[in-house]
Amino acid sequence: MPTPEARLQALATELKRAGIAYHELTPMADTGLAHDHVWIHRDGDDWVARLPKQSQMNLPPDENLAYQSACYQRSSPGGHTPVLHSVLPPSNELPRGGLLVEAIRGRLARLPEDLPAIATALASLHRQPLPSEQSQPPLLAPDDPWRAMVSEVQQQAEWLADAQLSRKVTQRIRQELDLLPPRLSDATPTLISFDTHPGNFLICDDGRAVLVDLEKCRYGLPGIDLAHTSLYTSTTWDISSQAVLSLDDVIHFYRRWQTAMGATPDTDTLVACRRATWLWSLTWCAKWRTQYLNAKDAQQRGEDWSAELTDPAVIDHVRDRVEHYLSLPIIDHVHSELQCLQASL
């Protein structure tokens with residue numbers, strides 16, 4: 001993993017090459033698995049550099065930057081995501097390039113009190129008009145978003161065989177997989193983030209929630225975003241914003257979003273999306289558990305979960321969360337919540 005000093009010097013070189021003026025570069029805390037972040041101090045409006053460590057979409061550097069650029073450009077009209085200012089192409093100094101986005105000044109989300117603001121932010125994303133089919137690339141836009149989601153979960157579930165989990169845990173996860181319906185009564189796609197865990201939101205002084213991390217957007221089912229925001233596996237992920245939501249908290253969050261949206265999917269669809277998103281998270285945990293000790297991708301081409309890329313404290317935290325979520329008590333806890341939500345929403 002490059003030293004922070006080397007990353008700063010590489011960024012400084014690329015900013016100079018691009019003719020972008022600034023006063024100072026300040027490294028931000030290494031808290032994630034996909035990007036380094038640097039605060040760029042400028043006259044009037046500060047920016048943040050997002051420097052990819054890998055592509056969670058398994059894309060080569062140029063395509064990864066194009067995809068992330070589209071995520072910011074498509075979502076910013078809603079007013080609850082940062083504006084994209086510029087893109088630094090891949091180079092010898094920055095092999096994966098970088099994105100320069102609006103710096104958002106705000107605090108981390110606190111749950112459950114900030115859930116109404118987050119529901120409003122999500123609705124601003126989901127309400128955006130669906131572009132024509134020809135205008136949707138490079139974002140994913142499957143013909144059948146539910147079938148695509150189930151297929152992605154099933155593909156990740158192949159890692160269960162190599163994750164060295166207990167037989168009972170593997171069996172329980174497969175039982176949950178069998179509960180996913182083959183089709184939904186309402187599978188109308190919208191623009192979604194696909195990565196809305198609470199740690200990805202900042203709360204501004206005016207109370208506005210801003211979703212700052214955008215790299216997986218697609219045209220899919222909004223229930224996936226609602227689930228990713230409020231599932232136990234999301235609300236207890238981030239060290240600085242952990243919370244265990246009550247069933248009432250979750251119901252009020254969904255209802256706030258429904259009010260902001262107007263027309264929304266039915267309960268069966270929302271609960272199915274919640275189960276699928278949970279299983280996506282569990283199978284990702286199995287995948288990470290299998291891959292994180294692999295050596296770093298020397299060619300820096302696509303997806304790369306190697307521990308070499310990230311601060312050891314972050315790796316320890318992820319390992320702890322992965323083991324926790326793949327435990328029988330937590331699997332049973334989330335299963336019970338899904339049953340209660342089905343009866344109450």
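In this predicted model, aspartate 238 is in contact (heavy atoms within 4.5 Å) with His197, Gly199 and His317, when its neighbours within four places in sequence are left aside. Aspartate 238 is found in the loop between helix H7 (232–235) and helix H8 (247–261), where helices are DSSP runs of H or I of at least four residues, numbered from the N terminus. Because its relative accessibility is 17%, aspartate 238 counts as buried, a term for residues under 20% relative accessible area with a 1.4 Å probe and protein chains only. Between aspartate 238 and arginine 321, which are 83 residues apart in sequence, the C-alpha to C-alpha distance is 9.3 Å.

The second largest pocket has a volume of about 450 Å³; a pocket is an open set of points on a 1 Å grid over the protein atoms alone, where a 1.4 Å probe fits, with protein on both sides within 12 Å along at least five of seven lines, and its lining residues have an atom within 4 Å of a point. The volume is the space filled by probe spheres set on the points, which are joined across faces, edges and corners. Of the 21 lining residues, Gln56, Glu152, Gln155, Gln156 and Lys287 are the closest to the centre of this pocket. Helix H4 (145–157) and helix H9 (267–291) each supply at least two residues of the lining, and the largest share, five residues, comes from H4.

Residues are numbered from 1 along each chain as its sequence is written.

Methods
Predicted model: local features only at pLDDT ≥ 70, side-chain atom pairs only at ≥ 80, totals over all residues. Heavy atoms only, no water. Buried < 20%, exposed > 50% of the residue type's maximum accessible area, 1.4 Å probe, protein only.
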